[in-house]
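Colleague: I am new to this structure and would like to learn how to read its features. Could you take me through them in turn?

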Amino acid sequence: MRKAIKKPLRWYALAGWVVTLLLSPSAFAVVKQTKGDFEDLFRQLDEALPTPNVYRNAAGEPGPQYWQQQVDYRIDVTLDEAARRLSGELTITYHNRSPDTLRYLWLQLDQNVFRPDSIAELSNGFATAGRRGPPVRDAKDKEPPGLSLDELRRQQFLADTPPGYDILSVRAGDADLPHTVVGTLMRVDLAEPLAPGVSTAMTIAYAYNIMEEDAVAARAGYEHFPDDEREGGNDIFLLAQWFPRLVAYTDYEGWTNKEFLSRGEFTLEFGNYEVAMTVPADHIVSSTGVLQNPAEVLTPLQRDRLRQARTAESPMFIVTPDEALENERQGTDSTRTWRFRADNVRDFAWASSRKFIWDAQGYQQGGDVQPEVMAMSFYPKEGEPLWSKYSTAAVVHTMKVYSRFSFDYPYPTAQSVNGPVGGMEYPMITFNGPRTDLQDDGRRTYPLAEKRFLLGVVIHEIGHIYFPMTVNSDERQWTWMDEGLNSFLDGIAGREWDPDIPWGVEPRDIVDYMVSDQQVPIMTQSDSVLNLGPNAYSKPNVALNILRETILGRELFDFAFKEYARRWRFKRPTPADFFRTIEEASGVDLDWFWRGWFYTTDHVDISLDRVHQLRLDTLNPDIDFPRRRQEEADKPPSIFVQRNKEEGIPLWIDENPDVRDFYDENDQFTVTNEDRNEYLKLLDEMEPWEREALARAVKEDKKYYLLEFSNIGGLPMPIILQLTYADGETERLDIPAEIWRRSPKAVKKLLVSDRELTQVVVDPLWETADADVENNYYPRRIIPSRIEAYKKEPREGWAQREIMRDIDAEITPPESDEADAEAETAEEGSDG
């Protein structure tokens, strides 16, 4: 979380007027309940949020003195394909727009995360919750601990390939700058203090070994294709976190210099980039930015195809599958330099390979910001036919949907690149992993899950160019601010593509997580989250979906969400800015919602415990007493009396009628004149309006239903009811969450109707992530489920092995040459 700032009250003069600036949330007294067990689930969030100031105001907007730094980069880098090593030199120009004087700058050295002495490596527990990397297995029952072959591969790769940056020099002009490496960070001490409004420049020479992504589970790296026809095979290089990048310096934390532990992603500054990549001459490069020298790196045919693609109705090939196949068969020792420029971006990534098929389509979005966007995809033959059919189309679809909820796509290109990374995002470029399966007959096929994966990951990662690449939230601190908001929008885009695809974004899909004990509040800092997927992606998505569909409604929510995006486009919001903007723009107090969904691990489970059908007493004994008599008669008879009748056992009073008296003709419900006098006196003592109200109620004789609810899960939510009447008609009733404000554990609600109610169901459409839908029914329903037949498994264990049968079995290794060699090695090393 953010660092607490505790300073005394100060006065700031702003343009001729004076405001009181409170610098700490402690300015508000923390509410504390010391009597009883009442918990106010609706108390305001003031005690948890930072106090508004001149940088961020109380409405959630950038304040009058909002600032952020700018960092520009000029980079020359060379890709050594044979050595799989990157070497480069970058010149950084740092513009100090803060009100502070800086004596040093912090840079991020993300590649150092793989070093054996890094905090990430040393603190990565064995089989612990949230562990990043290949799977391992803890001991369970009689099974010993286990290392997956993937984990063994990772250990061996890192032992054979020294990871991390080699910082060759850090200079300002001709002078060396003192610098200190601290894990994944580096402090550079400036020659002289950098005052507000002043810029400084430095040049860094560096190199590092590129990680094999499949081996180490990185966010970038290379993928090797040993079976390609080219001798030695081919690689796809996905290059990200590939140069020393400035740490963000912010108004809410200063230097955001938290160590990179692989989980919490990145906090970066906007700037302009000029990048030259020298790569093998037969490589195709996809990159952040706009290509500056197409005539030097593309053929005339490729340049002509790009021009045609700008106005194409559907994606068209710039490099065809046949051309890519021919290209990957060849090899070259020559190189070529691709030059790209990107303005006002917070990061820069690129990809390079001779295997790439390349297709493109111009998206004519109109407007003044970026009227035309080139949507493009780069992928090997191993992605076909899935990629050419869906990738670029999904890029265009994403921009159309996201722009409705935020702003026009702000950059000239939007790219989807296939490689070893399952899904990662950078300005104008994304890395996406789905592939197809090669069948024996030469066809490439894919299951529905892989189609969903491709569509979902392309939508999600392109969506990240809006959040956080443009709305620049702090990923290292609050993963949910980009992943959660983006998952919410990709859920909309996915269902607007095809709602029949099982996207897994509905409230019902997170119920198991919501009730689990392996969770932390959404507001937990990224590296401490136990289960990142449901915590940072699914739960915030569902929360916002509920806010839109159930609590605020689409009109209010969409206006507020778009206002948040507009306010913080190309700026750095915090959670408080998001919460405050949504409340301020919607006009609805949502502190209870933020507190419950984002600050606690409570879940939704509202139980409808009882429904009482009530009838208003008339107070007239000639009406009410017969009703009481009928109520008594409607009770089940005594089983003793019933069986005595069946057995013909006589009653004493029937055999001796002389014992009967007045009470054999009159019961406890007989009306007396005294009862009538009391009724007339009661009416006489009433005010005229009271008699009129009672008379009307008696005449209308409405049906009263008292509903009793329990908040079992602890999370206050609206109570959504489906009421079914005797005539078969249904009605929806939404009871606001505020019903829980003074009684957070249990509430009652009275419904008055002209019709007979036969059933009540809470949350009938499963729109609130209610954990137990069975206690939502009244009367309770018979629970539908299933049972399956199964075959008894044979006993297993060392003693059950059929050694006498199997010892002379013939060894039949697989047909591949590699497997044959391994089998021979195993045979030679066996005791037999």
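Modeller: We will go through the core, a helix, a pocket and the cavities.

Modeller: This is a predicted model, in which local features need pLDDT of at least 70 and side-chain atom pairs count only at pLDDT 80 or more, while totals for chains, interfaces and linings use all residues. Residues are numbered from 1 along each chain as its sequence is written, and side-chain values use heavy atoms, with hydrogens and water left out.

Colleague: Which residues have the most contacts inside the largest nonpolar core?

Modeller: In soluble globular proteins, nonpolar side chains tend to be buried together. A nonpolar core is a set of buried Ala, Val, Leu, Ile, Met, Phe, Trp, Tyr and Cys residues joined through side-chain atoms within 4.5 Å; buried means under 20% relative accessible area with a 1.4 Å probe, protein chains only. Here the largest such core has 186 residues, and W242, W350, F431, F578 and W597 have the most contacts inside it. Helix α7 (residues 386-405) gives the most to this core, with 10 residues. Helices are DSSP runs of H or I with at least four residues, strands are E runs of at least two, and both are numbered from the N terminus.

Colleague: What is W242 in contact with?

Modeller: Contact means heavy atoms within 4.5 Å. Leaving aside neighbours within four places in sequence, the partners of W242 include I75, Y165, F348 and W350.

Colleague: How far apart are the end C-alpha atoms of helix α12?

Modeller: The expected span of a helix is 1.5 Å times one less than its number of residues. For the 15 residues of α12 (residues 554-568) that gives 21 Å, and the end C-alpha atoms are 21 Å apart, so the two agree. Its buried residues, among them F557, E563 and W568, pack against α7, α9 (480-497), α11 (532-552) and α13 (575-586). Just after α12, F570 takes a positive phi of about 60°.

Colleague: How many cavities are there, and what lines the largest?

Modeller: On a 1 Å grid over the protein atoms alone, a cavity is a set of points where a 1.4 Å probe fits but cannot get out; a pocket is an open set with protein on both sides within 12 Å along at least five of seven lines; lining residues have an atom within 4 Å of a point. There are 4 cavities of 30 Å³ or more. The largest cavity is lined by 19 residues, with Q111, F114, A218, R219 and Q241 nearest its centre.

Colleague: Which element gives the most to the lining of the second largest pocket?

Modeller: That is β25, with 4 residues. Of the 22 lining residues, V290, L291, L306, M374 and T413 are the closest to the pocket's centre.

Definitions and conventions
Buried < 20%, exposed > 50% of the residue type's maximum accessible area, 1.4 Å probe, protein only. Points joined across faces, edges and corners; volume = space filled by probe spheres on them.
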